[in-house]
Amino acid sequence: MRPNPGGEGCVPPHMTTFPRLAALVLLAGLAAACSQGSGSGGGPAVAGGRAGAAPPSVEQLAAKVGCKPRIQVNAAELRTGYCRTPDGEFFVTTFASQAGKDAWMDAAPEYNPHLVGDLWTVLSGRQVLDLLRERLGGDLHLTDHRTKRMRVAG
């Protein structure tokens with residue numbers, strides 16, 4: 001690797017896989033959404049099941065922890081931004097729907113632990129997530145949520 005004195009614009013190599021995974025999950029989520037029948041399924045989808053409630057943006061969540069995110073994925077179903085703060089490095093992902101979040105969670109069990117909110121998740125190491133949780137809230141998922149013994153730190 002070439003030296004970068006300021007460290008600006010650098011994303012660690014181990015963190016570049018996530019945007020690829022997010023794009024794959026986006027495609028899977030869109031395929032699942034498009035395969036559901038149309039016409040007889042009630043009204044329009046509402047984010048998180050709350051009428052009129054808009055999901056938080058990557059920028060809003062990042063601002064709560066003093067970060068201006070570098071957007072990695074910018075799609076209708078999900079957005080992901082990379083942040084680096086004095087607390088550490090992390091990815092913030094927001095979802096347009098609970099179904100999209102669920103599809104992402106089902107495809108990303110290897111990224112443990114993660115901090116999970118209504119229509120968002122943050123990926124990083126445990127120490128960083130503990131610090132971020134103080135300002136963002138959410139549940140700290142310590143194991144794959146699909147296993148019988150998922151641990152949620154309270």
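How many residues does the hairpin that joins strand 1 to strand 2 run through? The hairpin has three residues between the two strands. Before going on, note that this is a predicted model, where local features need pLDDT of at least 70, side-chain atom pairs count only at pLDDT 80 or more, and totals for chains, interfaces and linings use all residues. Residues are numbered from 1 along each chain as its sequence is written, and side-chain values use heavy atoms, with hydrogens and water left out.

**Strands**

Helices (H or I, at least four residues) and strands (E, at least two) are DSSP runs, numbered from the N terminus. Two strands count as paired if DSSP finds at least two bridges between them. Here's how strand 2 pairs up:

| Pair | Sense | Bridges | Hairpin link |
|---|---|---|---|
| Strand 1 (residues 70-74) and strand 2 | antiparallel | four bridges | three residues |
| Strand 2 and strand 3 (residues 88-95) | antiparallel | eight bridges | two residues |

Strand 2 (residues 78-85) is mostly covered, with six of its eight residues buried. Buried means under 20% relative accessible area, exposed means over 50%, and partly exposed is in between (1.4 Å probe, protein chains only).

Ser-97 sits in the loop between strand 3 and helix 3. A polar atom of the Ser-97 side chain lies 3.0 Å from the backbone nitrogen of Gly-100. Ser-97 also touches Glu-77 and Leu-119, leaving aside residues up to four places away in sequence; contact here means heavy atoms within 4.5 Å.

Gly-100 is one of the buried residues of helix 3 (residues 98-107), along with Lys-101, Trp-104 and Met-105. Looking down the axis of helix 3, these buried residues fall within an arc of 135°, so they line one face of the helix. That arc is taken from the directions from the helix axis to the C-beta atoms.

**Two cores**

A nonpolar core is a set of buried Ala, Val, Leu, Ile, Met, Phe, Trp, Tyr and Cys residues joined through side-chain atoms within 4.5 Å. The largest one has 17 residues, and Phe-90, Leu-115, Val-122, Leu-132 and Leu-136 touch the most other members. Helix 2 (58-64), strand 3, strand 5 (120-123) and helix 4 (126-136) each supply at least two residues of this core. Helix 4 gives the most, with four residues. Another core, of 10 residues, lies apart from it and includes Val-73, Phe-91, Phe-95 and Trp-104.

Definitions and conventions:
A polar contact is a pair of N or O atoms within 3.5 Å; within protein, one must be able to donate a hydrogen and the other to accept it, and residues adjacent in sequence count only if both atoms are side-chain atoms.
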